[in-house]
Amino acid sequence: MGAFLYGVFLQWKLDMRSKTLLITCYIVPLLFFAVMGGIFTSVMPQAKDTLIQSMTVFGVTMGALIGLPPSLVEIYSTDIKKVYKANGVPLYLGLVLTNISAYIHLFIMSVVLYFAAPLAFNAEIPDNPERYFISLAVFIAVSLSIASIIGLAVKDQAKTSIVSIIVFLPSILLSGIMFPIDLLPKAFQTAGKIFPASWGYRIMADYIFQLKNLLPLTVLFVLAVFACIILLRRLDK
């Protein structure tokens, strides 16, 4: 257990030195919050009610989809994988450690937004902080599981970035954080439901837990875990 925790700590320190993770998990989400938070609350004063949730959805989605896959490609598409095998280290360990490290970074960023939004833009604090952070924890886990599929399935760094952006853009545009989801055509509303961002925004903005919003995230997480298991087995050959 001590060795595992040390591995998590070491991976966390390595990620802190990663420019990609630093940019996607901290710099861009916080800059987006600083700029768009003011615009949202000026154009739509009611946006203060869900500003924390919408900025958090953007930050988590970006950090997961854009930040995590390159780290996984670096492990499983380079000589690092050979080092793992040569030393008898299970291949899944790299996936687990990077996910835990990214999870910690995204949670820290989300906490910063939680406290900064009311101070900077007089945003409304969620009525039930405990329910909010449980919802946040679920959303981060599901987002990282989807990002892991990209990192394991695409072996080229350049292609990974392209695929990540292709998934990231509709995730944000169809999630409802930029404008009310009801304004979109029915086809786009339906398409948005396949991305975690849409459901993550709903469960964090809800006043109570609703199974109809939590169940899709659970299904997405389970399917993503199975997909990662299959991809890891292929990489082990």
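Is Phe107 buried, exposed or partly exposed, and what is its relative accessible area? In this predicted model, Phe107 is partly exposed, with a relative accessible area of 27%, and Tyr103, at 25%, is likewise partly exposed. The rings of these two residues have their centres 6.4 Å apart and their planes at 10°, so Tyr103 and Phe107 form a stacked pair. Both belong to helix H5, where a spacing of four residues separates them by about one helical turn. Ring pairs also link Tyr103 and Phe107 with Tyr114, Phe115, Tyr132 and Phe133 into a cluster.

The count of aromatic pairs comes to nine. Among them, Phe32 and Phe58 are stacked, because their ring centres lie 3.7 Å apart and their planes meet at 10°. This pair links distant parts of the chain, with Phe32 in helix H2 and Phe58 in helix H3, 26 residues apart. Phe32 counts as buried at 15% relative accessibility, and Phe58 counts as buried at 7%.

The largest nonpolar core comprises 58 residues, of which Tyr76, Leu106 and Leu152 have the most contacts inside it. At least two residues of this core are supplied by each of helices H2, H3, H5, H6, H7, H9 and H10, and the largest share, 14 residues, comes from H3. When residues up to four places away in sequence are not counted, Tyr76 touches Lys81, Leu91, Tyr92, Gly94, Leu95, Leu152, Leu232 and Leu235.

A charge placed over a ring is found at Trp199, where the charged end of Arg202 sits 4.5 Å from the ring centre.

Terms used: Residues numbered from 1 in each chain as written. Predicted model: local features only at pLDDT ≥ 70, side-chain atom pairs only at ≥ 80, totals over all residues. Heavy atoms only, no water. Core = buried A, V, L, I, M, F, W, Y, C linked by side-chain atoms within 4.5 Å. Buried < 20%, exposed > 50% of the residue type's maximum accessible area, 1.4 Å probe, protein only. Contact = heavy atoms within 4.5 Å. Phe/Tyr/Trp six-rings, centres within 6.5 Å; stacked < 30°, edge-to-face > 60°. Lys NZ or Arg CZ within 6 Å of the ring centre and 35° of its normal.
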